[in-house]
Amino acid sequence: MERDGGGSDLLAALLDGMDAALCAFDANGVITHWNREAERILGWSAEEAVGRRGFAGWAARTADADEVQARLMAVMETPGRQVDEFALLRKDGGRVLIRTQSSGMRGADGKPAGVYSAFSEVHEQIDLERSIALSEALFDDASWGVVLVDVDLRPTVVNGYAARAFGSGRGSVLGRPLGELVVQGVEELEAALHHVLAEGAPKSPAELWVSVSAADGERRRCWRSGFLRLASPLAEEPVPLGVGWMFQDVTESKLAAQEADRLRFRSSQLYRAGRAAAECEDPMEAATVYLDFALAGFADHALIDLVAGERPEGSAAPVRLVRVAETPSGGGSGPGMPVETGGIPVRYMTGHPALQAMDRNGSVRASAPGASAAAAASAASGGSPQAPVAVPSAWATSRQWPPDSVHALCTVLRSRGRSLGVVTFLRGASRAAFERPDAVYAEDVTIRVAAALDLSAVLSD
């Protein structure tokens, strides 16, 4: 008897500890079990419910009670589970729609012995189903990446979008350190995840620039990321389970926005330069004003070299260029100033970019050896700062440029169908290499500079 009593107490404790409401009926439809969750939903205690025959007269309207009872007891004769929805009465008189899952019970002799039914409020069940459906949709084929990361910062669940972003299969990503998935930017990503684990989710999305491996090399991508700290709902105090990380690849839109901002700024600089140059009495001063405005956000140094003497178009004679203006090259910054050289040509070597530009009547770009890889990474990241490139100053000084120069862009000064000389824009190691859009902008600036220099030559005659 003591053993039976202990078993009954254990059964009662298990039933009362369940998250779902549960009641049981014997073969005659009399309630034999009623747990605490059932009491919470309907308000009727176990003492009030156990021993009653069906729900008539207390937990269901008289008009509905017979149908409810018949549907519940019908499952006793059929195999499997049966799902039904009923409107029952709470003890305070309110009605509540519940969803039940009922199964028949059989005795030791194999004959029907009763029915047990687990039930919950329909809206709670719908909320649960919605949560499950949302989780399945997110981890199936959502239009953004979803990654669940454990407290050791290792992915535990990854959806298809995220796997493609990492350049791996969904299964091969799981359990691997983030440093094996992200080539560059993993420190910033891990710092964000640690912050979420310690402090909670940030108030707004964060944009992270990362590099991931691909078949054609590394790809620099911008991921707009949101984070959620995951905590166990079963613990008395919140226990972090990891981080939910959601992201979208916004690289293309980010680069497009940066390019649009760059174009707006350069257009504004040209407009301001034109207004300022119009107030200059000396055309040579106007030419240097154009360069000063063009340098902002574009280059570190600028040089103006003019053709020494008259050189007929199509002539095969070597071009001699004389330096007439330049920006400070001693490590500082400042406006472009005229240079007094006494008409002595600059000692440009054969094949110098400035001479190539004169020969082609176009733009020529050049970069120091070893600077190409850093320039490509900077360009792929939208021009984000890169570590300075260690380049010997001999590359620049041998070309008669400031020693800190790493990238050069030479454009021809054209006016009235003649090549007047060359403008050279120079960038240091902290900047990316010049690209084709930069050459277009430089040519636009050079046209204005050439007009001012041509006017200066006309006035001096």
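Visitor: Is Glu207 buried, partly exposed or exposed?

Guide: Glu207 is partly exposed, at a relative accessible area of 32%, where buried means under 20%, exposed over 50% and partly exposed in between (1.4 Å probe, protein chains only). This is a predicted model, in which local features need pLDDT of at least 70 and side-chain atom pairs count only at pLDDT 80 or more, while totals for chains, interfaces and linings use all residues. Residues are numbered from 1 along each chain as its sequence is written, and side-chain values use heavy atoms, with hydrogens and water left out.

Visitor: What does the side chain of Glu207 meet in a salt bridge?

Guide: Its partner is Lys254, at 2.6 Å from N to O; a salt bridge here is a side-chain nitrogen of Lys or Arg within 4 Å of a carboxyl oxygen of Asp or Glu. The two lie 47 residues apart and link distant parts of the chain, with Glu207 in strand β8 (residues 206-214) and Lys254 in helix α9 (residues 251-277). Helices (H or I, at least four residues) and strands (E, at least two) are DSSP runs, numbered from the N terminus.

Visitor: And which residue does Arg266 pair with?

Guide: Arg266 forms a salt bridge with Asp438, with 2.8 Å between the closest N and O atoms. This pair spans 172 residues, from helix α9 to helix α14 (residues 436-460), and both Arg266 and Asp438 are buried.

Visitor: Switching topic, how many salt bridges are there by this rule?

Guide: The count is 23, and Glu67, Arg71 and Asp84 are linked in a network of them.
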